[in-house]
Amino acid sequence: MALFGILGGLTYAAKMVMAGLPNIEPVSLMVMLFAVTFGRKSVYPIYVYVTMEFVTFGLNLWSINYLYIWAILALAAWLLRGMTNPVGWALVSGIFGLLFGTLCAPVYFFTGGWAYGITWWINCIPFDVAHCIGNFVIALLLFVPLRKVMERLYNGN
């Protein structure tokens, strides 16, 4: 349990360090690593991170997105857990970044109607492109080496 709390906190801290860069963050990488390393237990560090976001920034419509968006990425990563190619992981992470606004849009469609949802989604496109590029590069460089570290941490080797 302590490992999961520390990893959730480190994910939050890493995101805060990079907060000056719009939609360039290490959270997607970490969620994928948690899913392939811990399986179902990945919900623990993921939702430690989410809880820290809620405590820091309060609750709003985006909070609803955070309750499911990271679980979608974790499920996708878990389903692809046998993949070893760093380019494959970079593509998964990049596609997730590109689709982030689309995956969040249902909350805005539901709460504000079609016009609000579409306007919100269109306004997010430049940020989703930055998210895509950032996620791709971060995963390409760090997924494989960090996966080895995470597996050693979890397995005690």
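**Leu 3 and its surroundings**

Analyst: Setting aside neighbours up to four places away in sequence, Leu 3 is in contact with Phe 38, Leu 153 and Tyr 154. Please keep in mind that this is a predicted model. Leu 3 belongs to helix α1, and it counts as partly exposed because its relative accessibility is 25%, between the 20% and 50% cut-offs. Across the sequence, Leu 3 and Tyr 44 are separated by 41 residues, yet their C-alpha atoms are 9.6 Å apart.

On the α2 side, Val 27, Val 31, Phe 34 and Phe 38 meet Pro 45, Ile 46 and Tyr 49 of α3. This contact is made of seven nonpolar residues, with no polar and no charged ones. As for geometry, the axes of α2 (residues 27-38) and α3 (residues 43-57) come within 9 Å and cross at roughly 155 degrees, which means that α2 runs roughly antiparallel to α3.

Now let's return to α1, which spans residues 2-17 and also holds Lys 15. Is Lys 15 buried or exposed? Lys 15 is buried, because its relative accessible area of 19% falls under the 20% cut-off. Beyond four places in sequence, Lys 15 touches Glu 25, Pro 26, Val 27, Tyr 49, Glu 53 and Tyr 66. Two of these partners, Val 27 and Tyr 49, take part in the contact of α2 with α3 described above. The C-alpha atoms of Lys 15 and Tyr 49 are 9.8 Å apart, although 34 residues separate them in sequence. With Glu 53 there is a polar contact between the two side chains, at 3.2 Å.

From α1 the chain passes into the loop between α1 and α2, where Asn 23 is found. Asn 23 has a positive phi, near 60 degrees, and is not a glycine. With a relative accessible area of 30%, Asn 23 is partly exposed. Asn 23 and Pro 22 are both touched by Phe 127, when residues up to four places away are not counted. Phe 127 itself sits in helix α5 and is partly exposed, at 42% relative accessible area. Phe 127 and Phe 100 lie 27 residues apart in sequence, with 9.2 Å between their C-alpha atoms.

Back in helix α2, Ser 28 deserves a look too. At 0% relative accessible area, Ser 28 is buried. Its contacts beyond four places in sequence are Trp 70, Leu 73, Ser 93, Phe 96, His 131 and Asn 135.

Those partners lead on to the pairing of α4 (residues 61-79) with α5 (residues 86-155), whose axes are 10 Å apart at an angle of about 145 degrees. The crossing is right-handed. Residues of α4 in this contact include Tyr 66, Trp 70 and Leu 73, while those of α5 include Phe 96 and Phe 100. By class, the contact has 20 nonpolar residues, two polar ones and no charged ones.

Key: Residues are numbered from 1 along each chain as its sequence is written. This is a predicted model: local features need pLDDT of at least 70, side-chain atom pairs count only at pLDDT 80 or more; totals for chains, interfaces and linings use all residues. Side-chain values use heavy atoms; hydrogens and water are left out. Axes are lines fitted to C-alpha atoms, for helices over the stretch in contact, and angles run from 0 to 180 degrees between N-to-C directions. Helices (H or I, at least four residues) and strands (E, at least two) are DSSP runs, numbered from the N terminus. A crossing is left-handed if the near helix is turned anticlockwise from the far one by less than a right angle, and right-handed if clockwise. Contact means heavy atoms within 4.5 Å. Ala, Val, Leu, Ile, Met, Phe, Trp, Tyr, Cys and Pro count as nonpolar, Asp, Glu, Lys and Arg as charged, and the others, Gly among them, as polar. Buried means under 20% relative accessible area, exposed over 50%, partly exposed in between (1.4 Å probe, protein chains only). A polar contact is a pair of N or O atoms within 3.5 Å; within protein, one must be able to donate a hydrogen and the other to accept it, and residues adjacent in sequence count only if both atoms are side-chain atoms. Angles under 35 degrees count as roughly parallel, over 145 as roughly antiparallel, 65 to 115 as roughly perpendicular and the rest as oblique.
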